[in-house]
Amino acid sequence: MNLDSSETREMTRVPFTDLGAMAGEVWPEIEQDYLACLLDGAYIGGPAVTAFERGWAAYCGADHSVGVGNGTDALLLSLTALGVGPGDEVVVPANTFIATAAAVVRAGATPRFADVSDDTLLMTADTLAAAITPRTRAVIIVHLYGQLPDMAGLAAIAQQTGIAVIEDAAQAHGAEWGGRRAGSFGAVACFSFYPAKNLGAFGDAGAVTTSRPELADEIRSLANHGRSHGHSHYGHDRIGTNSRLDALQAILLSGKLAHLEEWTERRIALASRYREQLGGREFTGTGLKLTATAPLARHVYHLFVVRVPRRDSVRAALTRREIQTGVHYPVPCHRQPPLRRLAVCPLPVAERAAGEVLSLPMFPHMTDRQVDYVCESLAEALRTAAVGSEAAGAQ
Ligand SMILES: *Cc1c(COP(=O)(O)O)cnc(C)c1O
């Protein structure tokens, strides 16, 4: 089978990502295992899942990893296993994907939104402290865009107030803070292997990592109809759900895991090329703002997010130059209709950022020339947008 990406997929000058290129690179290495599993017929759980779980726990520096159906379930199962429920509050950053806050609501608890740092767009120790009340049971720290926030500061607040730390590491496979990996900090850490994440399945998949064996057992049981290890197939110790990792997904994920470091290093190299050019003279006075990287962080650049004035017209100009971009996220969580009533304090940084953030193309198979073309086009787009708004102001 010919998997040459340039022949099989439609070409845009710079796509936002290129999942087919990653799949094509890995396929020859997993083809046999994949076919063997397909013919064997054991599609849920089994040795391929166990092998991936071991590999994933080791990669993250955690003792246990439990494969689940997706990242959203990873969050809900973790909250449930920690005993978070009605009457409890859980602090979440206002700048995150809706799943972080939605999982809290699904668990029967109440999300409390914390604002984010204007430099990194991540939660800080101060914004966490400000959102804690006597009802707070846990905080979900989100390593948004691929970067961990100040984990020492956040952990100190959590410890002082006795709340549990859950990591939402859905965008942070392999990210580090002070040399320690995402997935090894919290009581539990939640990963998504949604196709577009840095480590992506070919459908939905997720995992929870933890170094507490009782939490790993509880989550494994909750994700498998409340079954417990060693009990019969129809013995159910608790009311659970069905959120398991499929064997074929696990085979692909193990295959991709072997490439993850190399792909991550490539993302980091592309990001420094972006940073070098976007820090250049063409951008002075354009209002372009880069997202800061903390010195202790290994940012794995799930997304390369900048802030620009007149974002939507800049974005349209890039589209005209055949550059696909994204916006993460155009509406902050606490402005979404079902969550609006829960925003009890002002969240000015998250609100402002939602109107300015722009995610530039970022994927391991992106070329240096594509980065250069994006930067050149962005400079042009910022100039045109500025001229456009001056003309509009003069009318
Ligand atoms: C993708 C994502 C999730 C949800 O993961 P799914 O696998 O899509 O359910 C949760 N939180 C963040 C920050 C994410 O980016």
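Guide: Helices in this predicted model are DSSP runs of H or I with at least four residues, and strands are runs of E with at least two, both numbered from the N terminus.

Visitor: What joins His328 and Tyr329?

Guide: The bond between His328 and Tyr329 is a cis peptide bond, with omega at about 10°. Most peptide bonds are trans.

Visitor: Why is Thr286 called buried?

Guide: Buried means under 20% relative accessible area, and Thr286 has 14%, so Thr286 is buried. Thr286 sits in the loop between α9 (247-278) and β10 (289-290), where a polar atom of its side chain lies 2.7 Å from the backbone oxygen of Phe283 and one lies 3.3 Å from the backbone nitrogen of Leu288. Beyond its neighbours within four places in sequence, Thr286 is in contact with Pro309 and Leu382.

Visitor: Is Gly285 buried or exposed, and how do you know?

Guide: Exposed means over 50%, and the relative accessible area of Gly285 is 85%, so Gly285 is exposed. Gly285 also belongs to the loop between α9 and β10.

Visitor: What makes Asp88 count as buried, and which residues is Asp88 in contact with, leaving aside its neighbours within four places in sequence?

Guide: The relative accessible area of Asp88 is 12%, and since the cut-off for buried is under 20%, Asp88 is buried. Asp88 is found in the loop between α4 and β2, and its side chain reaches the backbone nitrogen of Gly85 at 2.9 Å. Its contacts, with neighbours within four places left aside, are Gly83, Ala109, Thr110, Arg135 and Arg137.

Visitor: Which residues of helix α5 are buried, and what do they pack against?

Guide: Ala99, Thr100, Ala101, Ala103 and Val104 are the buried residues of α5, which spans residues 98-106. They pack against α4 (71-81), β2 (89-93), β3 (110-114), β4 (136-142) and β5 (164-168). After α5 comes Gly108, with a positive phi near 90°.

Visitor: What is the phi of Leu121, and what is the phi of Tyr301?

Guide: Most residues other than glycine have a negative phi. Leu121, which is not a glycine, has a positive phi of about 65°, and Tyr301, likewise not a glycine, has a positive phi of about 50°. Leu121 lies in the loop between β3 and α6 (125-131), whereas Tyr301 lies in the loop between β11 (297-298) and β12 (304-307).

Visitor: How do you know whether Leu121 is buried or exposed, and Tyr301?

Guide: Leu121, at 1% relative accessibility, falls under 20% and therefore counts as buried. Tyr301 has a relative accessible area of 6%, also under 20%, so Tyr301 is buried.

How values were computed: Residues are numbered from 1 along each chain as its sequence is written. This is a predicted model: local features need pLDDT of at least 70, side-chain atom pairs count only at pLDDT 80 or more; totals for chains, interfaces and linings use all residues. Side-chain values use heavy atoms; hydrogens and water are left out. Buried means under 20% relative accessible area, exposed over 50%, partly exposed in between (1.4 Å probe, protein chains only). A polar contact is a pair of N or O atoms within 3.5 Å; within protein, one must be able to donate a hydrogen and the other to accept it, and residues adjacent in sequence count only if both atoms are side-chain atoms. Contact means heavy atoms within 4.5 Å.
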